[in-house]
Amino acid sequence: MQLILPVWEVRMVNTISLLGSTGSIGRQTLDVCREQGVRVVALTARSSIDLLEQQAREFRPRLVAVYDLEPALELAKRLTGLDIEVVYGLDGLRRAASWPESEAVVTAVVGMAALWPTMAAIEAGKRVAFANKETLVCAGELVMDAARQFGAEIIPVDSEHSAIFQCLQGSRDREEIKRLILTCSGGPFFGLSREEVGKKTRADALRHPNWSMGEKITIDCATLMNKGLEFIEAMRLFRVTPEQVSVVIHRQSIIHSMVEFRDGAVLAQLGTPDMRLPIRYALTYPDRGKSELPGLDLLSCPPLTFAPPDLEAFPCLKMAMECARTGGTVCAVLNGANEAAVELFRREEISFGQIPQLVARALDDIPNIAHPSMEEILEADRQARECVRRRLP
Ligand code: NAD
Ligand code: MG
């Protein structure tokens, strides 16, 4: 007897608003839109209008929002006659995020700046393809509560969390999860002592072994703060306890993360390191879009290795795991202090070793508030940044 399979309708999104289109995730999202035929109806960036102009001419969105006023005025001039509205500021970003025509919003803005536009997308009930991790670290509980309240789907784009999300498909009961296993490349300074790591330069830190990303996250990968932020991100997205999250060093970045279930089964998602896969999945979910990119060739893969993280050499990961266990505004302090310290390191005003020191001082100085409101989270973030700036010699 011939088995007749039903043909499912592909439920991928047809239109998106892209927040942070000029960055690493933003540009790769546009690749996926070209590949999948997704229409981009709103674009946003902070200030890089040359690229934004090029993107607007190609994708012909209805709206472009530029955070800074001057470049917004210049872009409006350049796009005259194209029937594209150009807006600026936080209100502009919010409008892009809640634009009625877009079915999904990709949050590819770096840092806490993504908070308000992300909340606008959630309140408009959009699917949110969540690349930005800082907002989940600081205000993840409030963000996830709001998503539930407004019926907004949250689909992770961060590769580890996308891997976990993919492994969880078909699992109907969260009680089945025993443990989430986040894989970590170890970054460019794997195997070095704390002293050796502390002396590394900006150029050293910007050399990631497996991924090509924006500068802030590349530096976070070198301190392993990125894995610390992802530890908290995993707790918020999947509503698990810190005891249910573990980190394993996997230098090859082929296994993107794993889930261990209560019956002992461990599911993993594998693939060549390419952010377009998790971006594509977030836009095509619950289906899988077709990709012409070369797949994983297991026979030419290096041996897959695993090791525990060195929390002594990489104190940022240790601090983040402690903050995850403590909960409250410490997570916002951790993130705010880290954003400010990384910015100083990028400008070569502090050494690499000072990043964890400044974060530790902010955590020591700022009192924690359990179960904080949004105002308390924003105040903790402000105090942490201020604390890092004050400590400058
Ligand atoms: P990036 O620095 O390359 O790009 C950042 C984008 O945000 C740019 O378009 C910039 O214009 C915009 N932006 C910055 N500040 C802004 C502001 N104040 N207002 C409006 N727009 C602003 O960063 P990225 O590497 O693409 O990372 C983006 C987010 O995705 C981060 O939260 C990062 O942790 C996360 N992420 C990135 C990767 C990756 O491979 N790059 C992987 C996983 C997660
Ligand atoms: Mg990641």
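Modeller: Before we start with helix packing, a definition: axes are lines fitted to C-alpha atoms, for helices over the stretch in contact, and angles run from 0 to 180 degrees between N-to-C directions. Please also keep in mind that this is a predicted model.

Colleague: Understood. At what angle do helix 10 and helix 14 pack?
Modeller: Helix 10, residues 215–223, packs against helix 14, residues 330–346, at an angle of about 100°, and their axes are 10 Å apart. That angle makes helix 10 roughly perpendicular to helix 14, because angles of 65 to 115 degrees count as roughly perpendicular.

Colleague: Which residues make that contact?
Modeller: Helix 10 contributes Glu215, Lys216, Ile219 and Asp220, while helix 14 contributes Asn338, Glu339, Val342, Phe345 and Arg346. By class, this contact of helix 10 with helix 14 has five charged, three nonpolar and one polar residues.

Colleague: Then helix 13 and helix 14: at what angle do their axes cross?
Modeller: The axes of helix 13, residues 315–326, and helix 14 cross at roughly 155° and come within 8 Å. Helix 13 and helix 14 are therefore roughly antiparallel to each other, since angles over 145 degrees count as such.

Colleague: And which residues meet there?
Modeller: From helix 13, Met319, Ala320, Cys323 and Thr326 meet Val330, Cys331 and Leu334 of helix 14. The contact of helix 13 with helix 14 has six nonpolar residues, one polar residue and no charged residues.

Colleague: Back to helix 10. How is it placed against helix 11?
Modeller: The axes of helix 10 and helix 11, residues 225–238, cross at roughly 95° and come within 5 Å. Helix 10 and helix 11 are therefore roughly perpendicular to each other. On the helix 10 side, the contact is made by Lys216, Ile217, Asp220, Cys221 and Thr223, and on the helix 11 side by Met225, Asn226 and Leu229. By class, the contact of helix 10 with helix 11 has four nonpolar, two polar and two charged residues.

Colleague: Let us change topic. Which residues come nearest to ligand 1?
Modeller: There are 23 residues around ligand 1, and of these Thr22, Ser24, Arg46, Glu134 and Gly214 come nearest. The shell around ligand 1 comprises 12 nonpolar, seven polar and four charged residues.

Colleague: What polar atoms lie by the oxygen atoms of ligand 1?
Modeller: One of them is a polar side-chain atom of Glu134, 2.7 Å from an oxygen atom of ligand 1. A polar backbone atom of Ser24 is 2.9 Å from an oxygen atom of the ligand, and a backbone N or O atom of Gly20 lies 3.3 Å from an oxygen atom of ligand 1.

Colleague: How much of the accessible area of ligand 1 does the protein cover?
Modeller: On its own, ligand 1 has 820 Å² of accessible area, and the protein covers 90% of that.

Colleague: What about the backbone? Where is the cis peptide bond?
Modeller: The cis peptide bond joins Tyr285 and Pro286, with omega about 10°. Pro286 sits in the loop between helix 12, residues 276–284, and helix 13.

Colleague: And what is the phi of Ser253?
Modeller: Ser253 has a positive phi of about 50°, although Ser253 is not a glycine. Most residues other than glycine have a negative phi, and most peptide bonds are trans. Ser253 is found in the loop between strand 9, residues 245–249, and strand 10, residues 255–261.

How values were computed: Residues are numbered from 1 along each chain as its sequence is written. Chains are lettered from A and ligands numbered from 1 in the order in which they are written. This is a predicted model: local features need pLDDT of at least 70, side-chain atom pairs count only at pLDDT 80 or more; totals for chains, interfaces and linings use all residues. Side-chain values use heavy atoms; hydrogens and water are left out. Helices (H or I, at least four residues) and strands (E, at least two) are DSSP runs, numbered from the N terminus. Angles under 35 degrees count as roughly parallel, over 145 as roughly antiparallel, 65 to 115 as roughly perpendicular and the rest as oblique. Contact means heavy atoms within 4.5 Å. Ala, Val, Leu, Ile, Met, Phe, Trp, Tyr, Cys and Pro count as nonpolar, Asp, Glu, Lys and Arg as charged, and the others, Gly among them, as polar. A residue is near a molecule or strand if one of its heavy atoms lies within 4 Å of it. A polar contact is a pair of N or O atoms within 3.5 Å; within protein, one must be able to donate a hydrogen and the other to accept it, and residues adjacent in sequence count only if both atoms are side-chain atoms. Accessible areas come from the Shrake-Rupley method with a 1.4 Å probe; for residues, only the protein chains shown count as cover.
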